[in-house]
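This report is meant for a reader who meets the structure for the first time. Please look over the sequence and the model shown here before reading on.

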Amino acid sequence: MLRGVGVSPGVAFAPALVVRWAFPEIPERTISPAEFDTEVARLHQAVQAVVDQLAALRLRTLQRAGPEAAGIFDAQIMMVQDGDFLAGVESLIRKNLLSAESAYEFKALDLRNTWQNARQSFLRDRLADLNAIQLRMLLHLLGRSADDAWLGEVQEPVVLVAHELSPGLTVQLDRDHVAGLISEEGTRTSHAAILAHSLGIPAVMGVAGALDRIADGTSVLLDGQTGQILLEPTPDEMEAARLQAVRRHRLEVQLESIATEPATTPDGASIVLQGNVDLPEEIEVALRHGAEGVGLLRTEFLITGRTSLPSEDEQTDYYRRVSAAFAGHPVVIRTYDLGGDKFPAAFVAPHEPNPFLGWRSIRVCLDQPEIFRPQLRAILRAAVDRHIWLMLPMVISLDELAESKALLAEEAAALRSAGTRAADDVPVGVMIETPAAVILADEFARAAAFLSVGSNDLTQYTLAVDRSNARLASRFAPLHPAVVRQLSQVREAAARAGIPASVCGEMASDPVAVVLLLGLGYTRLSTAPPAIPLVKWVVRNLPVTAAREAAALAVRATTTDEVHEVLRHALGRHVDLRLVDPSSALPRPSVGATLRRS
Ligand code: PEP
Ligand code: MG
């Protein structure tokens, strides 16, 4: 058995087709000064040809998966036309007398290395896009056909196994020929994963060693939800997988039937379910699932794949676009949470031995107001006549909150005196992500407009367990009693101050943890958009009185297993636990969800 991250649900069974690709060998070729112009012209012709290929893929994606998915290729087109990069290639052609392909390869390798070494960054999510466009460029410059030429030869249904899947390849697959996908690289938010999901092809990514372990023609059974892969499965295993698929289907039908229903418990408690939006393409998914606004807009993704920070105007447009999409509901914009596990190329940070304990997040923003102030101004400008809230990440002291509010007030005054249309103020809340913030929760609750628990980081900092270390996956336990009790304290502090409290970490999408959160009195949960229907289903089946009883026991429990058992037992009295994804019901939640961007 192999395991990876299930990125596109569904069960697939078919023989493996192992696809290996590599960057082509570039023959060493230097040029004479007389050839400069020809080589530069070849470079630009290749760019145009690749842009044409990508535009065709864009069109195909538009037809097959809709406008948001098609946007993936807009981004690739921008990448391939990147002026700074091409100027660098041109200068190598001229100064070093290199052929267009040698110069391109040299620069491409450099950029690839930078992105690859971006520690656990979501930039690595976009590495597949970068590889794909570079491969297209190099093949074109060498006069060779595109990397996906072999696709037409696939006749029988297969499970495609690759080191990495490019979006361009993925969007050309069809379910009649490709039953499922497995790749060694890739995460839930990688573009190939998003496309596989849109096309309904079950997929498991992040499967270490897949190419070594799976030979061509091996029978493969994969579960795109749990991320489990069985090689040469027995008849019993096939039957178990079939039954689980039937149950899942039953659950899907139930989830669809409540898509437009409110998130209200059987005893009448209303819960606000919001989406965590990392990438623009998630807006549509969140809306489709009835998200009542955005509980966490991760703004670091605005910078992904870019070498410069977005301008104030660009940010204003994006924030307005998101809030227009969720008209009438709040959009909680989290200010830059740079560093730690988020290192976009535009953010140049010194190497640190412990980035999670380092110069990150609000610390960076307060130390570098030239990054922070334009973001604050953009938020104020976008907030005119809109429900926009501002949320500060990784706060550990009241000073950080006060300083941020002072900067916000200064920027509001500056906008006013410049006659720029902007809100005078926006609600400012803090994320509770460290034990320090929990201990000061009463003080924060008095000074902030709302609190939102970032349970991913709160778990990491409470347990001293790196959220992105797969070796520690079984120790990363949001249901550890120390985390559970802090969740209770935060909720009580918010209630005493009469302000809203929400949870926006991954635990809010775990059905078992939802019992705890509802029982503790959290009425606002924000999750990755695809998880909204399942959370709503739990809410609609679980009386809040039952959740309260379970939460009271969980707060007194002394081990993670005990917490888990109490919550699972309560949930099991109201829903068929077998319908719930078994991975979410494991004693210790899988770290997969928290590794989304690593
Ligand atoms: C968290 O830490 O729980 C959170 C929501 O923020 P992020 O995952 O972006 O660090
Ligand atoms: Mg966090």
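## Two domains

In this predicted model, the C-alpha centres of domain 1 and domain 2 lie 36 Å apart. According to the domain assignment of the chain, domain 1 covers 22–141 and domain 2 covers 266–584.

Eight strands, arranged in the order 1-8-7-3-4-5-6-2, make up an open sheet in which the pairing is mixed. Its edges are formed by strand 1 (2–3) and strand 2 (5–8), each of which pairs on one side only. Within the sheet, strand 7 (residues 219–223) and strand 8 (residues 228–231) run antiparallel and are joined by four bridges, with V220 standing opposite L231 of strand 8.

Two helices that pack on this sheet can be described in turn. Helix 7 (residues 191–199) touches strand 2, strand 5 (178–183) and strand 6 (203–205), and its direction makes about 55° with that of strand 2. Helix 9 (residues 235–257) touches strand 3 (11–19), strand 7 and strand 8, and its direction makes about 30° with that of strand 7.

## Strand 16 and its neighbours

Strand 9 (residues 272–277) runs parallel to strand 16 and is joined to it by four bridges, and here L273 stands opposite L525.

Strand 15 (residues 501–503) also pairs with strand 16 in the parallel sense, over two bridges, and S502 stands opposite R524. Together with helix 19 (residues 511–520), strand 15 and strand 16 make a right-handed β-α-β unit.

Note on methods. Residues are numbered from 1 along each chain as its sequence is written. Chains are lettered from A and ligands numbered from 1 in the order in which they are written. This is a predicted model: local features need pLDDT of at least 70, side-chain atom pairs count only at pLDDT 80 or more; totals for chains, interfaces and linings use all residues. Side-chain values use heavy atoms; hydrogens and water are left out. Two strands pair if DSSP finds at least two bridges between them. A crossover is right-handed if, with the strands pointing away from the viewer, the path from the first strand over the helix to the second runs clockwise. Domain bounds come from an automatic or database domain assignment. Contact means heavy atoms within 4.5 Å. Axes are lines fitted to C-alpha atoms, for helices over the stretch in contact, and angles run from 0 to 180 degrees between N-to-C directions.
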